[in-house]
Amino acid sequence: MAERRVIPLSRPEPRGAEPGIAVQGLHLSRGGRALLRGVDLALSGTGITALLGPNGAGKSLLLRAIAGIIPPDAGEVSLAPRLLRPALVFQKPVLLRRSARANLAHALKLAGLPRAARATRIPKLLEQCDLTALADSPARKLSGGEQQRLALARALAADPALLLLDEPTASLDPKATAAIEAITLRAAGRGVKVVLVTHDRAQAERLAGDVVFLHEGRAVEHAPAPRFFANPASPEARAYLEGRLIL
Ligand SMILES: Nc1ncnc2c1ncn2[C@@H]1O[C@H](COP(=O)(O)OP(=O)(O)O)[C@@H](O)[C@H]1O
Ligand SMILES: [Mg+2]
């Protein structure tokens, strides 16, 4: 816990008027089961939004729909032009069997950066994610936390304006979690919009400016984080925050 408190960063507040992400009437079914059931959301184009809720609530599906990688059955997601081409990070990083540096070089090449620009950008990315000393280590030999820092560095390589994180710390210890949270906060501080899926209430409290609470495929509540945690409006969120099982 102590590691988390020394992070000298404050939570970036969303600026309400900034255009961001609009989700309208989003429905998604698979195998006859309705998994997202009419999700409507308006998210600011800045700050960190947490998608919070129990397992199976539809958080990952909603994040993928926002990313444009799963087409909905009905409804739509619109992104402000600045937010097009989001970067995604998942719980389990999938890295190339090469060095940390080569993983970043590959991502920058895919993003279309010329060789000279790649050469100057790589050390900056390594530094941002505290990987300088590990630049030449094989990515698959890194610890879970280091791999996830590399996955974040790779996601940030193309300088995205929208970062979508799906439980990026779910398999990490507190110290590795704190490092990922610090990188996330710094990115948001630079103006990157972050949508963070988590089922960790404390993480949402540490990072998010606003919280969307999902339950059974519905966004049952969307509120500024302080208000959500102090006084959740929906019975589902109240039960979740009180640690009662919701079925
Ligand atoms: N491709 C799929 N086919 C059928 N069911 C799915 C599929 N993807 C997810 N689901 C189901 O949809 C529900 C929501 O999934 P998900 O968004 O992954 O939840 P979580 O909130 O835990 O991220 C779960 O019940 C899951 O089993
Ligand atoms: Mg999930």
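This dialogue covers the sheet and the ligand site of a predicted model.

User: How is the strand order of the open sheet read, and what is the order here?

Analyst: Strands count as paired if at least two bridges join them. In this model three strands form an open sheet in the order 2-1-4, paired antiparallel. Strand 2 (33–43) and strand 4 (74–79) have a single partner strand each, so one side of each lacks a neighbour in the sheet. On average, neighbouring strands are turned by 20° against each other, direction ignored.

User: How many bridges join strand 1 and strand 4?

Analyst: Five bridges join strand 4 to strand 1 (residues 21–30), in the antiparallel sense.

User: Which strands does helix 2 touch?

Analyst: Helix 2 (residues 59–67) packs on the sheet and touches strand 1, strand 2 and strand 4. The helix direction makes about 120° with that of strand 1.

User: Which element gives the most to the shell around ligand 1?

Analyst: Helix 2 does, with three residues. Strand 2 and helix 2 each supply at least two. Residues around the ligand include Arg-30, Arg-33, Leu-35, Lys-59 and Leu-61. By class, the shell holds four nonpolar, four polar and three charged residues.

User: Where are polar protein atoms placed relative to oxygen atoms of ligand 1?

Analyst: A polar backbone atom of Gly-56 is 2.7 Å from a ligand oxygen, and one of Gly-58 is 3.0 Å from a ligand oxygen. For Ser-60, a polar side-chain atom lies 2.8 Å from an oxygen of the ligand. Ligand 1 taken alone exposes 560 Å², of which the protein buries 63%.

How values were computed:
Residues are numbered from 1 along each chain as its sequence is written. Chains are lettered from A and ligands numbered from 1 in the order in which they are written. This is a predicted model: local features need pLDDT of at least 70, side-chain atom pairs count only at pLDDT 80 or more; totals for chains, interfaces and linings use all residues. Side-chain values use heavy atoms; hydrogens and water are left out. Helices (H or I, at least four residues) and strands (E, at least two) are DSSP runs, numbered from the N terminus. Axes are lines fitted to C-alpha atoms, for helices over the stretch in contact, and angles run from 0 to 180 degrees between N-to-C directions. Contact means heavy atoms within 4.5 Å. A residue is near a molecule or strand if one of its heavy atoms lies within 4 Å of it. A polar contact is a pair of N or O atoms within 3.5 Å; within protein, one must be able to donate a hydrogen and the other to accept it, and residues adjacent in sequence count only if both atoms are side-chain atoms. Accessible areas come from the Shrake-Rupley method with a 1.4 Å probe; for residues, only the protein chains shown count as cover. Ala, Val, Leu, Ile, Met, Phe, Trp, Tyr, Cys and Pro count as nonpolar, Asp, Glu, Lys and Arg as charged, and the others, Gly among them, as polar.
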